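The following note sets out several points for a colleague who is meeting this structure for the first time. Please read each point with the sequence and the model side by side.

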Amino acid sequence: MARSPAAAPRRAPSPTRAAFTRLSTVLQRGASPDRMAREVDAVVDDLRASGEAEDVRNWLEELRDGFGEAAEAAAEAVDEVDPSEKAARRHAENAAQAMAAIRDAFARHLQAAA
């Protein structure tokens, strides 16, 4: 008899997926760039506790690159917001700055690990 998919045990998410989810959750709440940088610091501490130095470096590179792409897209999205929509523009600018802060925090941790 085959097991149903619902009965299959769930695997824990990869460290990078867990980090992405955690950062995305905080970001969606409208966190400031400083808050996002502090959250990256906490994520990096968790990553370092979860793996070997080489794994951690690979995870940091993956997260930096992923959030780097997201920061570029968010910066471009700011230009697409109608300037007369002040609140929407502020929200888009904050999101772009927060994404850039995430990218920069991961880059800082990578440099420190080198």
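**Notes on the chain and its core**

1. Burial across the chain. Of the 114 residues of the chain, 31% count as buried. The model under review is a predicted one, and the values below should be read with that in mind. The accessible surface of the chain amounts to about 7600 Å², and carbon and sulfur atoms account for 49% of that surface.

2. Secondary structure and overall form. The chain contains 4 helices and 0 strands, and its elements follow the order α-α-α-α from the N terminus. The radius of gyration is 17 Å, whereas the globule rule gives 13 Å for 114 residues; the chain is therefore more spread out than a compact globule. Along the principal axes, the C-alpha trace spans about 60 × 45 × 20 Å.

3. Contacts across the sequence. Consider the contacts between residues at least 6 apart in sequence: 66% of them join residues at least 24 apart.

4. Charged side chains. The chain carries 16 positive and 20 negative side chains. The centres of these two sets lie 6 Å apart.

5. The nonpolar core. How many residues does the largest nonpolar core have? It has 28 residues, and those with the most contacts inside it are Leu-23, Met-36, Val-40, Leu-60, Phe-67, Ile-102 and Phe-106. Helices α1 (15-28), α2 (33-50), α3 and α4 each supply at least two residues of this core. As general background, nonpolar side chains in soluble globular proteins tend to be buried together.

6. Phe-67. This residue is found in helix α3, which covers residues 53-80. Is Phe-67 buried or exposed? Its relative accessibility is 2%, under the 20% limit, so Phe-67 counts as buried. Leaving aside neighbours within four places in sequence, Phe-67 touches Phe-20, Leu-23, Met-99, Ile-102, Arg-103 and Phe-106. The C-alpha atoms of Phe-67 and Met-36 are separated by 12 Å, and these two residues are 31 residues apart along the chain.

7. Ile-102. Helix α4 holds Ile-102. Because its relative accessibility is 0%, Ile-102 counts as buried. Which residues does Ile-102 touch, not counting those up to four places away in sequence? They are Leu-23, Met-36, Val-40 and Phe-67. In sequence, Ile-102 and Leu-27 are 75 residues apart, yet their C-alpha atoms are 9.7 Å apart in space.

8. His-109. Helix α4, which runs over residues 86-113, also includes His-109. With a relative accessibility of 10%, His-109 counts as buried. Apart from residues up to four places away in sequence, its contacts are Val-40, Asp-41, Val-44, Arg-48 and Leu-60.

9. Asp-41. This residue is found in helix α2. Why does Asp-41 count as partly exposed? Its relative accessibility is 26%, a value between the 20% and 50% limits, so Asp-41 falls into that class. Setting aside residues up to four places away in sequence, Asp-41 touches Arg-108 and His-109. The C-alpha atoms of Asp-41 and His-109 are separated by 8.2 Å, although the two residues are 68 residues apart along the chain.

10. Points to revisit in the model. A reader may then turn to the contact between Asp-41 and His-109, where Asp-41 counts as partly exposed and His-109 counts as buried.

Note on methods: Residues numbered from 1 in each chain as written. Predicted model: local features only at pLDDT ≥ 70, side-chain atom pairs only at ≥ 80, totals over all residues. Heavy atoms only, no water. Buried < 20%, exposed > 50% of the residue type's maximum accessible area, 1.4 Å probe, protein only. Contact = heavy atoms within 4.5 Å. Core = buried A, V, L, I, M, F, W, Y, C linked by side-chain atoms within 4.5 Å. Rg over C-alpha atoms; globule rule 2.2 N^0.38 Å. Areas by Shrake-Rupley, 256 points an atom, 1.4 Å probe, with all protein chains shown as cover. Lys, Arg positive; Asp, Glu negative; His and termini not counted. Charge placed at Lys NZ, Arg CZ, Asp CG, Glu CD.
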